Amino acid sequence: MDDAGVDQGGVSPVRQVIEVVVRALVDQPEAVRVTETERRGLSVLELRTAPGDMGKIIGRQGRTASALRTLVAVTAEKHGTRAQLDIKD
Amino acid sequence: MSLTSEITEFLQSVVAAMGMDLSPTVEETPDGTRINLEGEDGGVLVRRDGEGLQALQHLTATAFRRQLGDDRRIVIDCNGFRKDKDLELKQMARFNAEKSRSSGMPQEMGPLNPYERRIVHLAIAEDPGATSESVGDAFMKTVIISATK
């Protein structure tokens with residue numbers, strides 16, 4: 001099964017990066033949730049925050065979200081994987 | 001804990017989460033605080049014209065916006081990549097000022113982001129024979145350098 005390899009033990013670097021950065025951006029870090037699923041070699045990371053914090057993650061003209069996606073891509077590249085960030089609102 | 005050490009600690013945890021081995025050096029300049037991340041792992045941050053470094057810069061400035069306020073700047077560098085680029089931009093600005101004097105035609109630079117435009121404006125401000133002006137209404141703007149008569 002494609003979804004079998006999820007979260008066996010350690011947290012992936014990409015997920016760690018999202019958690020560290022997003023917790024620093026929001027007012028309610030304890031409400032930050034990141035889940036990771038693997039689909040055909042692509043890691044799909046879903047990010048949820050407190051509703052009031054969503055705007056901080058997106059930023060003006062989506063610039064914060066875009067910077068977060070770049071950092072995700074750079075981290076995946078460093079580890080020879082591919083990752084995609086889905087911001088859930 | 002000082003704001004600089006708080007920011008340095010944040011950067012260290014991001015870099016560690018990314019799985020990179022980089023050590024921060026802090027330098028206080030008249031222009032703000034410069035944190036240079038040094039190490040062989042830095043290549044991935046400066047790839048594609050420093051795209052990753054730029055993202056890290058934006059995320060850090062956003063996370064600490066409230067504490068930094070309007071007048072404190074933070075610049076994140078990696079193996080001096082940005083320092084070299086800033087110097088190049090400054091030289092390019094001076095060259096364009098000279099060119100506008102010799103040709104009598106205003107010279108365009110850009111499109112540049114706000115950080116880059118600031119470097120150009122500061123370089124031109126040191127030159128009594130030229131002025132600079134940003135044009136455009138987007139995030140990236142063109143800077144026009146003209147000789148003063």
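In the predicted model, B:E126 forms a salt bridge with B:R94, and the closest N and O atoms are 3.5 Å apart. B:E126 lies in the loop between α5 and β5 of chain B and B:R94 in helix α4 of chain B, so the pair ties together parts that are 32 residues apart in sequence. A salt bridge here is a side-chain nitrogen of Lys or Arg within 4 Å of a carboxyl oxygen of Asp or Glu. Helices (H or I, at least four residues) and strands (E, at least two) are DSSP runs, numbered from the N terminus. B:E126 counts as exposed, at 54% relative accessibility. B:R94 is partly exposed, with a relative accessible area of 41%. Buried means under 20% relative accessible area, exposed over 50%, and partly exposed in between (1.4 Å probe, protein chains only).

Residues are numbered from 1 along each chain as its sequence is written, and chains are lettered from A and ligands numbered from 1 in the order in which they are written. As the model is predicted, local features need pLDDT of at least 70, side-chain atom pairs count only at pLDDT 80 or more, and totals for chains, interfaces and linings use all residues; side-chain values use heavy atoms, with hydrogens and water left out.

Over all chains, the rule gives 17 salt bridges. Side chains of opposite charge can pair when their charged atoms come close. In chain B, the side chains of B:E98 and B:R101 meet in a salt bridge (3.1 Å, N to O). These two residues are three apart in helix α4 of chain B, and are therefore separated by about one helical turn. B:E98 is partly exposed, with a relative accessible area of 44%. B:R101 is also partly exposed, at 35% relative accessibility. Salt bridges that share partners join A:D27, A:D53, A:K56 and B:R66 into one network.

In chain A, the side chains of A:R15 and A:E19 meet in a salt bridge (3.3 Å, N to O). Because they are four residues apart in helix α1 (residues 13-25) of chain A, about one helical turn separates A:R15 and A:E19. Both A:R15 and A:E19 are buried.

The interface of the two chains was examined next. In total, 21 residues of chain B are in contact (heavy atoms within 4.5 Å) with 21 residues of chain A. The chains bury about 1,900 Å² between them, 68% of it on carbon and sulfur atoms. Buried area is the accessible area (1.4 Å probe) that two parts lose on being put together, summed over both. Four salt bridges are found across the interface of chain B and chain A. A:K78 forms a salt bridge with B:D41, with the closest N and O atoms 4.0 Å apart. On the side of chain B that touches chain A, the elements giving two or more residues are α1 (3-17) and α2 (43-63) of chain B. The largest share of that side, eleven residues, comes from α2(B).

The buried residues of α5(B) are B:E116, B:R117, B:I119, B:V120, B:A123 and B:I124. They cover an arc of only 155 degrees around the axis, which puts them on the same side of α5(B). The arc is that of the directions from the helix axis to the C-beta atoms. These buried residues pack against α4 (81-103), β4 (107-112), β5 (130-135) and β6 (141-147) of chain B.
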